[in-house]
Amino acid sequence: MDEMNLSPLWLSFKTAIIATIIVFIVAVFLARVLSRRSFPGKSVIEAIFLLPLVLPPTVVGFGLLILFGKNGPIGKVLIEWFNIQIVFSWYAVIIAAIVVSFPLMYQSASAAFQGYDAHLEYAAYTMGASKWRVFWTISFPLAWPGLLAGLVLTFARALGEFGATLMLAGYIPGITDTIPLAIYFAVESGNMKMATFWVIIIVVLGFSAILWLNWWSKRHMMDHSNNKKA
Amino acid sequence: MDEMNLSPLWLSFKTAIIATIIVFIVAVFLARVLSRRSFPGKSVIEAIFLLPLVLPPTVVGFGLLILFGKNGPIGKVLIEWFNIQIVFSWYAVIIAAIVVSFPLMYQSASAAFQGYDAHLEYAAYTMGASKWRVFWTISFPLAWPGLLAGLVLTFARALGEFGATLMLAGYIPGITDTIPLAIYFAVESGNMKMATFWVIIIVVLGFSAILWLNWWSKRHMMDHSNNKKA
Amino acid sequence: MLDINIYKKLSHFDLHVQLKAQQERIVLFGPSGSGKTTVLNCIAGILHPDEGHIRLKEQTFFDSNDKRKKPTPIQKRKIGYLFQDYALFPHMTVEQNIAYGMKDPAIVKELLDVVGIKHLLKTYPSNISGGEKQRVALVRALATKPNALLLDEPFSALDDQTRCECQDELLRIHNMWRIPMIIVTHHLGEARKLGQRILKINDGTLIQE
Amino acid sequence: MLDINIYKKLSHFDLHVQLKAQQERIVLFGPSGSGKTTVLNCIAGILHPDEGHIRLKEQTFFDSNDKRKKPTPIQKRKIGYLFQDYALFPHMTVEQNIAYGMKDPAIVKELLDVVGIKHLLKTYPSNISGGEKQRVALVRALATKPNALLLDEPFSALDDQTRCECQDELLRIHNMWRIPMIIVTHHLGEARKLGQRILKINDGTLIQE
Amino acid sequence: DNKQTNEIKEKATLTISAAISLTDALEEMKPIFEKEHDVELTFNLGGSGKLAQQIQQGAPVDVFISANQDWMDILEHEKLIQSDTRKDITGNKIAFISSKKTNLSIDSLEEIDQLDSVKQIAVGNPETVPAGKYTEQFLTSLNKWDELQDKLILAKDVRQVLTYVETGNADVGFVYESDAKTSNQVNILFTADTTLHDPIVYPAAVMSDTEHEDLAKDFLRFLESDQAQDILKSYGFNK
Ligand SMILES: Nc1ncnc2c1ncn2[C@@H]1O[C@H](COP(=O)(O)OP(=O)(O)OP(=O)(O)O)[C@@H](O)[C@H]1O
Ligand SMILES: Nc1ncnc2c1ncn2[C@@H]1O[C@H](COP(=O)(O)OP(=O)(O)OP(=O)(O)O)[C@@H](O)[C@H]1O
Ligand code: MOO
Ligand SMILES: [Mg+2]
Ligand SMILES: [Mg+2]
């Protein structure tokens with residue numbers, strides 16, 4: 001504990017937030033597009049989205065390594081065209097967090113968009129609102145309780161991600177050492193003090209973020225339901 | 001691959017199903033009780049439920065090991081009173097799966113119970129229905145889309161659980177070797193064929209279960225919404 | 001038999017309603033927003049008055065003077081209630097909706113014929129018209145054979161002929177059951193036809209007619 | 001100006017409605033379940049006929065003979081619609097509901113006074129009475145200053161006085177805007193007062209009066 | 001009475017927590033020992049640290065085979081093992097590997113300076129992975145460790161090092177010789193001079209609270225037999 005390096009805190013925080021934002025946007029979009037549609041193979045697509053949850057994170061990490069590695073189909077292109085090396089970089093940390101938390105957001109969002117009365121969207125359309133506006137002002141707020149649940153799960157999962165990160169990003173102090181990795185290596189080396197320290201940090205970080213999210217949601221998204229019982 | 005031992009398949013299947021059922025019952029019950037109530041500290045309790053998601057599974061496993069180990073507060077009691085040894089047994093596999101998948105079900109269920117019109121429950125009460133009956137015939141089916149999402153997440157997560165299991169249950173062939181553990185050890189011993197075999201098995205298993213669940217749900221729980229567009 | 005005395009603060013006025021009903025049909029008549037639905041909700045147990053009491057037969061549902069007594073839960077009050085917005089269960093067919101609290105299948109069989117929704121039994125509420133929903137809600141409320149009946153604008157979505165048939169049926173059932181009924185309506189003709197007593201309410205206060 | 005010809009199979013009968021309207025008020029009058037709401041839904045674009053056409057001004061919204069043409073999406077039709085079940089947005093205050101598609105703030109200001117819901121502007125729809133909801137939905141539909149107006153039982157939850165005030169206001173607005181209006185009602189007096197033409201519908205078929 | 005017959009019928013089960021690198025060798029020994037002693041062997045495999053922590057928390061283990069002395073020392077200090085049974089049963093070497101696909105030409109220790117040209121070097125985290133610790137000692141004694149810091153990818157175990165090298169994401173890596181032999185996609189360029197790092201040994205011991213003390217001791221004895229040692233050698237382990 002002598003020379004405490006706090007870089008994992010900042011790194012984990014940054015990663016979890018950015019990953020959550022990206023996952024939220026992509027998953028909400030996909031869920032909205034797919035939720036009111038039915039076509040053959042939809043179930044299969046949705047099952048594929050769940051893959052990162054079914055597979056142990058190490059295996060997910062292995063798959064990502066094959067894809068994004070120096071010789072992988074995506075990794076190669078990125079290096080040759082943009083000179084971006086994914087493996088062992090911060091990008092790897094972000095990608096791992098995104099991939100493992102995506103299924104949580106997708107499932108939650110998909111259920112949320114089925115949960116309210118579609119009639120209200122029609123009402124908005126009759127008032128001349130565009131698809132985009134109806135989405136943001138009607139669908140999104142009505143689906144919010146489910147979306148919030150997904151957000152919380154996503155953030156927590158992204159923050160706690162370990163197995164896939166370790167595989168794709170390696171453990172490079174100062175660059176890819178998120179808190180979960182720091183905890184893992186502290187535990188493995190029997191440094192229980194250090195491990196406990198980081199566990200407390202990640203719990204505090206996770207709690208504050210989730211409590212803040214709930215508070216924010218109550219204030220800005222759910223004020224109408226607070227009034228319900230008045 | 002010569003002497004293929006299929007015990008991980010059966011073990012993983014059994015574990016995921018039993019864990020999912022237990023998690024479903026407990027999480028739905030808790031979510032229902034807490035969802036329509038507000039008291040100081042509720043957010044904190046709900047954040048605690050999310051702990052197993054924020055912490056890396058290995059750390060969760062370590063925590064469980066301390067709780068359920070021979071000298072742990074719970075482990076001690078179980079051994080002395082019931083002569084049940086948790087560590088290295090199938091119980092450990094189940095416990096690990098339950099703990100890591102609980103947050104997914106709880107969050108989903110909690111959102112689901114906020115999502116429908118509480119007025120309908122009152123209507124059922126005026127017809128003399130008991131709390132229990134209203135729960136099963138009104139609240140539960142109306143919350144179903146969200147509960148289904150939670151079920152899918154729970155099953156997938158329980159099936160894929162690895163880190164906490166390895167810590168609490170060890171890798172004991174024939175007793176605690178779930179598919180994720182089998183994959184891990186196949187990879188560790190460089191047996192890529194075996195690893196690939198198990199990855200395929202777990203994907204097929206996960207997919208079949210999830211597709212079946214969706215199919216069953218469409219048949220038995222959501223027939224009214226199919227009709228909506230007719 | 002039904003004895004209520006309700007005082008409740010609402011956002012724009014105070015509700016103060018006192019009434020006693022034997023086995024009679026009382027019409028609650030008053031402008032929109034005057035507190036009619038709120039009165040019914042208090043009797044059914046969905047809302048609670050700030051002060052007062054609610055009694056039916058020998059049972060006391062609510063009494064603000066008796067501090068130890070908790071309000072009787074909705075499901076123990078045996079009060080049939082047709083909600084203004086119907087509150088049909090969207091995941092059940094019309095038949096399942098009606099069967100949910102059904103005590104008297106004989107009545108239901110007759111009613112279905114008279115109010116003309118027999119052909120909709122296997123349909124879900126999202127697939128029927130507004131007036132059809134209202135009639136389903138009516139049959140559902142009557143099917144429970146309650147000790148008292150609350151009807152919140154029971155026929156507002158019906159055309160004159162259907163409305164007339166439904167009114168007649170309601171009168172017939174009242175003759176049979178002899179229970180207190182409180183009927184909310186805006187329609188003066190309907191009030192005269194259905195009400196043995198008509199109570200006018202305005203801004204939360206009763207004006208005996 | 002409004003020219004419709006709708007053929008649509010429903011579960012218990014076929015809907016077959018043909019009508020042309022200039023800038024006039026048409027009342028659609030008929031028993032519960034006869035297809036009135038379905039007609040309005042087709043005009044608004046929420047449902048599509050199996051065959052026929054729907055035109056307003058120079059625009060063709062739907063034409064089953066023109067295979068290349070897709071039905072015009074709801075939001076491009078500029079048709080104001082008061083839904084039978086109001087369809088107020090539960091997460092917005094009354095004020096936000098009305099402002100959602102508002103084109104004509106002046107009209108809204110006047111309307112709020114006349115229909116008597118001004119004191120509810122900051123309230124959420126779950127906290128207002130049935131008749132109040134209906135008036136909010138009316139103001140919301142008028143606020144969009146549409147090219148045609150569809151009103152599905154717009155005054156069914158109102159007491160006689162409020163109803164009368166609202167009717168008068170509607171007439172005044174029609175005189176100002178001169179747009180086609182289709183009004184569904186069960187109330188014969190209302191039909192006579194509002195309708196420049198009354199169309200009777202029964203089991204999906206029009207009977208010109 | 002009934003209970004006794006049950007006990008006689010049931011075969012004793014010996015639980016052995018062993019460093020994961022020994023998996024294949026132990027699997028080959030299993031039937032031999034089981035036949036000789038009418039016992040069932042159960043292996044609990046994992047990283048030495050994880051195994052030791054399980055034992056600290058009261059996991060029912062009879063024999064522990066660690067891949068390093070440190071964890072065994074800790075257990076001994078906590079009196080969890082029977083000190084007199086502790087023996088070093090085998091050893092290993094650090095191997096310097098590269099992917100078969102690359103044409104790197106470092107064939108001996110003398111050419112190690114060419115490491116400067118490679119971009120990434122995978123190595124077990126010296127704080128947790130024994131192989132990493134030995135690699136650190138080895139490179140430190142060559143005065144290379146600090147110089148190469150920026151190129152090091154720290155892995156959580158030796159297998160991860162292998163994966164990085166196999167997939168070409170790291171140019172080279174340091175693993176145990178026994179691990180290198182499990183992969184047919186890597187070349188062993190050379191093995192480290194054993195004098196340049198602490199001896200790599202695998203200590204084994206019987207647990208203090210074992211219920212099968214004699215069998216456990218038999219198993220340790222068996223591990224030292226020629227038959228067992230030959231098996232270990234065939235997988236790259238050397239005392
Ligand atoms: N859930 C609620 N919370 C707070 N205030 C409410 C709520 N529902 C209604 N109110 C207000 O209470 C008053 C009485 O409402 P109530 O629903 O009892 O009227 P009503 O007589 O049934 O009217 P209507 O004929 O329009 O249905 C109104 O001013 C209304 O705005
Ligand atoms: N969503 C739907 N899907 C299928 N059938 C429907 C649907 N809505 C209504 N129907 C049926 O279509 C017919 C016409 O319904 P519609 O709602 O147009 O009647 P309406 O004239 O508006 O009646 P009301 O005055 O009771 O509202 C009815 O027989 C009804 O059961
Ligand atoms: O299994 Mo080990 O302890 O990394 O050699
Ligand atoms: Mg009312
Ligand atoms: Mg209608």
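A salt bridge here is a side-chain nitrogen of Lys or Arg within 4 Å of a carboxyl oxygen of Asp or Glu. The model is predicted, so local features need pLDDT of at least 70 and side-chain atom pairs count only at pLDDT 80 or more, while totals for chains, interfaces and linings use all residues. Residues are numbered from 1 along each chain as its sequence is written, chains are lettered from A and ligands numbered from 1 in the order in which they are written, and side-chain values use heavy atoms, with hydrogens and water left out.

**Exercise 1. Find the partner of Arg55(D) and describe the pair.**

Step 1. Arg55(D) forms a salt bridge with Asp3(D), at 3.4 Å from N to O.

Step 2. Helices (H or I, at least four residues) and strands (E, at least two) are DSSP runs, numbered from the N terminus.

Step 3. Check the cover. Buried means under 20% relative accessible area, exposed over 50%, and partly exposed in between (1.4 Å probe, protein chains only). Asp3(D) is buried at 17%, whereas Arg55(D) is partly exposed at 26%.

**Exercise 2. Work out which parts of chain C the pair Arg163(C) and Glu190(C) ties together.**

Step 1. The closest N and O atoms of this salt bridge are 2.8 Å apart.

Step 2. Arg163(C) belongs to helix α5 (residues 160-177) and Glu190(C) to helix α6 (residues 188-194), so the bridge ties together parts that are 27 residues apart in sequence.

Step 3. Arg163(C) and Glu190(C) are both buried.

**Exercise 3. Locate the salt bridge of Arg86(E) and Glu76(E).**

Step 1. Their side chains meet at 2.6 Å, N to O.

Step 2. Glu76(E) sits in helix α4 of chain E, and Arg86(E) in the loop between α4 (69-77) and β4 (87-91), ten residues apart.

Step 3. Glu76(E) has a relative accessible area of 26%, which makes it partly exposed.

**Exercise 4. Now widen the view: how many salt bridges does the whole structure hold, and which residues of chain C form a network?**

Step 1. Over all chains, the search finds 36 salt bridges.

Step 2. In chain C, a network of salt bridges links Asp3(C), Arg55(C) and Asp63(C).

**Exercise 5. Describe the annotated region of chain A.**

Step 1. An unreviewed UniProt entry annotates residues 9-211 of chain A as "domain: ABC transmembrane type-1".

Step 2. Over these residues the chain is 79% helix and 0% strand, with the end C-alpha atoms 18 Å apart.

Terms used:
UniProt positions renumbered as here; feature names shortened; annotations may be inferred.
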